[in-house]
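Here are my notes on this model. Please keep the structure open as you read.

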Amino acid sequence: MKKFIPSEFGIKYTKDLLSFHPAAQWWLDAADLLRNSHLQFTRIILGWTLDHYGNPRVPSNLKPFSYAIDFHNRRAAIPGDGTAPVAFLHTKDLAKYIAAMLEQDNWPEHSAFAGDRMSWGELLALAEEVTGTYVLES
């Protein structure tokens, strides 16, 4: 049996998301095709990669990207009320999980990984504790 991991790393794409994320249809169509193929596959769900928040001090192959919290400029724009839980994971840990999965005989359709789980508000409080005051944008 051949194994395949589609390039959709992130969230669990469902039809419910299409109203505000029409591009999710690409991943839903790909999953339909994979279900009808001879391939065993899993769709990776990981939330946010921590690499973006540690650059340049934490080694990573990802480029810096600020979403919700900009550590370098000490600014934040928290989505919603900041209390919803969010999953975070460093890509090196993700690579270890995927390498271990390659040894498994069977894969579930979805594989979810998290290194830590906290809200954007909790991450902002941690950022303020470590780096100082932040300007909270609305």
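Which residues have the most contacts inside the largest nonpolar core?

1. **Main core.** They are I69, I78, F88 and W120, in a core of 13 residues. A nonpolar core here is a set of buried Ala, Val, Leu, Ile, Met, Phe, Trp, Tyr and Cys residues joined through side-chain atoms within 4.5 Å. Buried means under 20% relative accessible area, exposed over 50%, partly exposed in between (1.4 Å probe, protein chains only). Strand 7 (85-89) and helix 4 (120-131) each supply at least two residues of this core. Helix 4 gives the most, with 4 residues. Helices (H or I, at least four residues) and strands (E, at least two) are DSSP runs, numbered from the N terminus.

2. **Basis.** This is a predicted model: local features need pLDDT of at least 70, side-chain atom pairs count only at pLDDT 80 or more, and totals for chains, interfaces and linings use all residues. Residues are numbered from 1 along each chain as its sequence is written, and side-chain values use heavy atoms, with hydrogens and water left out.

3. **I78.** Not counting residues up to four places away in sequence, I78 touches A68, I69, W120, G121, L124 and L136. Contact means heavy atoms within 4.5 Å.

4. Three strands form an open sheet in the order 4-7-9, with mixed pairing. Strand 4 (48-49) and strand 9 (116-119) stand at the edges with a single partner strand each, so one side of each has no neighbour in the sheet. Strands 4 and 7 pair in the parallel sense over 2 bridges. Pairing requires at least two DSSP bridges between the strands. W48 has F88 of strand 7 as its bridge partner. Helix 4 packs on the sheet and touches strand 4, strand 7 and strand 9.

5. **Helix 3.** In helix 3 (residues 91-101), L94, I98 and M101 are buried. The buried residues of helix 3 fall within an arc of 55° seen down its axis, so they line one face. That arc is taken from the directions from the helix axis to the C-beta atoms. Their cover includes strand 1 (3-4), strand 3 (43-45), strand 7 and strand 8 (110-112).

6. **H52.** Is H52 buried or exposed? H52 is buried, at 15% relative accessible area. H52 sits in helix 2 (residues 51-54). Its side chain reaches the backbone oxygen of K63 at 3.0 Å. H52 also touches L62, P64 and F65, among others, not counting residues up to four places away in sequence.

Key. Axes fitted to C-alpha atoms, helices over the stretch in contact; angles between N-to-C directions. Polar contact = N/O pair within 3.5 Å; in protein donor to acceptor, adjacent residues only side chain to side chain.
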